[in-house]
Amino acid sequence: MSIWKYANPTQFMKTTGWMLPFVSIAAGVCIVTGLVWGFFFTPDDFRQGSTVKIIYLHVPSALMAINAWLMMLVASLIWLVRRHHVSALAAKAAAPVGLVMTLIALLTGAIWGEPMWGTYWAWDPRLTSFLILFLFYLGYIALWQAIETQDIAADLTSVLCLVGSVFALLSRYAVNFWNQGLHQGTSVPVATGGRTVADVFFVPLVISMIGFGLLFVALLLLGTRTEIRARRLKALLNREMARDQDRQQPSRAAQNEGTQ
Amino acid sequence: MMPDLGKYQDAVLSAYGGSLLLLIGMIALMIWRARSVKKQLEDVEKRST
């Protein structure tokens, strides 16, 4: 069984139709569990006090902000190489979700930063690269909206996505590249496995991260299904318009002959 | 039930309030658009058959 069969819009709609409710429910359960557990049932940090509770929003949203762009990169590459419309529409659908995740990461980071660093904002490498990623999301969405022909829009946004990927990766590894700035390194390094977060905070954090990941998948499926329908709607409306014009042309020609 | 957030209460509550508002707003908008496009498509398909 090939993965490319899902490039067929009909097959994609059929498969995601039954998947979507399950993924949505799983996302809701994980997010509510992670956030309620983190907010109500975890202690204060000995140094950061109750602000540590912001971690259950900040880390999962930042993770999804970067991963959404990387998913868009993969989908854009598939579009550029194989010209599957579903992949281009999936990248388009992922962008607003990634934008909101980036905004949440920036917002919660600023609110957390003020009591801990004494400032809402600093031109720190990770913060700055995240702000640029946010601007790339805005530019990507604006480019899709600005171009009428869908295939050209998909081509140009795919190229923009390739360029923006530099900042998506930079925002993840900026702390390692430049050993300066206020933002700390990752507390949950996936590659090395050595984390600096105690279990009491780590378990609800992981549940929240899984929840945000599932929420992204659910919204991606919903958004892609909407974009597939919107594309078909546009095609049908164009066909109707062309048919109406064809009908009007003979009657106009007859009117013109009559006046002459 | 509400945990004692101490002197950081405003920061924590505003982070949660702002984030949940953004999340719920995004989900609501996406569901609204999905329903609207689906309805329009059904109308056009009915008209053209």
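User: How many residues does the contact take from chain A and from chain B?
Analyst: In this predicted model, the contact takes 31 residues from chain A and 23 residues from chain B.

User: Which elements of chain A give two or more residues to the side that touches chain B?
Analyst: On the side of chain A that touches chain B, the elements giving two or more residues are helix H1 (9-40), H3 and helix H6 (199-259) of chain A. The largest share of that side comes from H6(A), which supplies 12 residues.

User: And how does that side split by class?
Analyst: The side of chain A that touches chain B has 19 nonpolar, 6 polar and 6 charged residues.

User: What about chain B, what is its secondary structure?
Analyst: Chain B comes to 1 helix and 0 strands, and its C-alpha trace spans about 65 × 20 × 5 Å along its principal axes. Of the 49 residues of chain B, 12% count as buried.

User: Pick one residue there: is B:Val44 buried, exposed or partly exposed?
Analyst: B:Val44, which lies in helix H1 of chain B, has 18 other C-beta atoms within 10 Å and is therefore partly exposed, since being buried would take 20 or more.

User: What is B:Val44 in contact with?
Analyst: If we leave aside its neighbours within four places in sequence, B:Val44 is in contact with A:Leu233, A:Leu236 and A:Leu237.

User: Switching to chain A, at what angle do H2(A) and H3(A) pack?
Analyst: Helix H2 (residues 55-82) of chain A and helix H3 (residues 85-117) of chain A pack at an angle of about 155 degrees, and their axes are 7 Å apart. Angles over 145 degrees count as roughly antiparallel, so H2(A) and H3(A) are roughly antiparallel to each other. Their contact has 21 nonpolar, 8 polar and no charged residues, and the crossing of H2(A) and H3(A) is left-handed.

User: How do H3(A) and H4(A) pack?
Analyst: H3(A) and helix H4 (residues 125-146) of chain A pack at an angle of about 150 degrees, with their axes 9 Å apart, which makes H3(A) roughly antiparallel to H4(A). H3(A) passes H4(A) in a left-handed crossing.

User: Which residues meet there?
Analyst: Among those in H3(A) are A:Lys92, A:Leu99 and A:Gly109, while those they meet in H4(A) include A:Leu127, A:Leu133 and A:Trp144. By class, the contact of H3(A) with H4(A) has 16 nonpolar, 3 polar and 1 charged residues.

User: Next topic: which residues have the most contacts inside the largest nonpolar core?
Analyst: That core has 68 residues, and those with the most contacts inside it are A:Ala68, A:Ala94 and A:Leu133. At least two residues each are supplied by H1, H2, H3, H4, helix H5 (150-177) and H6 of chain A, together with helix H1 (9-48) of chain B. The largest share of this core, 17 residues, comes from H3(A).

User: What does A:Leu133 touch?
Analyst: Not counting residues up to four places away in sequence, A:Leu133 touches A:Ala65, A:Trp69, A:Thr102, A:Gly164, A:Phe167, A:Ala168 and A:Ser171.

User: Last one: where does A:Trp37 lie, and what is it in contact with?
Analyst: A:Trp37 lies in helix H1 of chain A and is partly exposed, with 16 other C-beta atoms within 10 Å. Leaving aside its neighbours within four places in sequence, A:Trp37 is in contact with A:Thr42, A:Pro204 and A:Ile207.

Key:
Residues are numbered from 1 along each chain as its sequence is written. Chains are lettered from A and ligands numbered from 1 in the order in which they are written. This is a predicted model: local features need pLDDT of at least 70, side-chain atom pairs count only at pLDDT 80 or more; totals for chains, interfaces and linings use all residues. Axes are lines fitted to C-alpha atoms, for helices over the stretch in contact, and angles run from 0 to 180 degrees between N-to-C directions. Helices (H or I, at least four residues) and strands (E, at least two) are DSSP runs, numbered from the N terminus. Angles under 35 degrees count as roughly parallel, over 145 as roughly antiparallel, 65 to 115 as roughly perpendicular and the rest as oblique. A crossing is left-handed if the near helix is turned anticlockwise from the far one by less than a right angle, and right-handed if clockwise. Ala, Val, Leu, Ile, Met, Phe, Trp, Tyr, Cys and Pro count as nonpolar, Asp, Glu, Lys and Arg as charged, and the others, Gly among them, as polar. Two residues are in contact if their C-beta atoms, placed from the backbone, lie within 7 Å. A nonpolar core is a set of buried Ala, Val, Leu, Ile, Met, Phe, Trp, Tyr and Cys residues joined through C-beta atoms within 7 Å.
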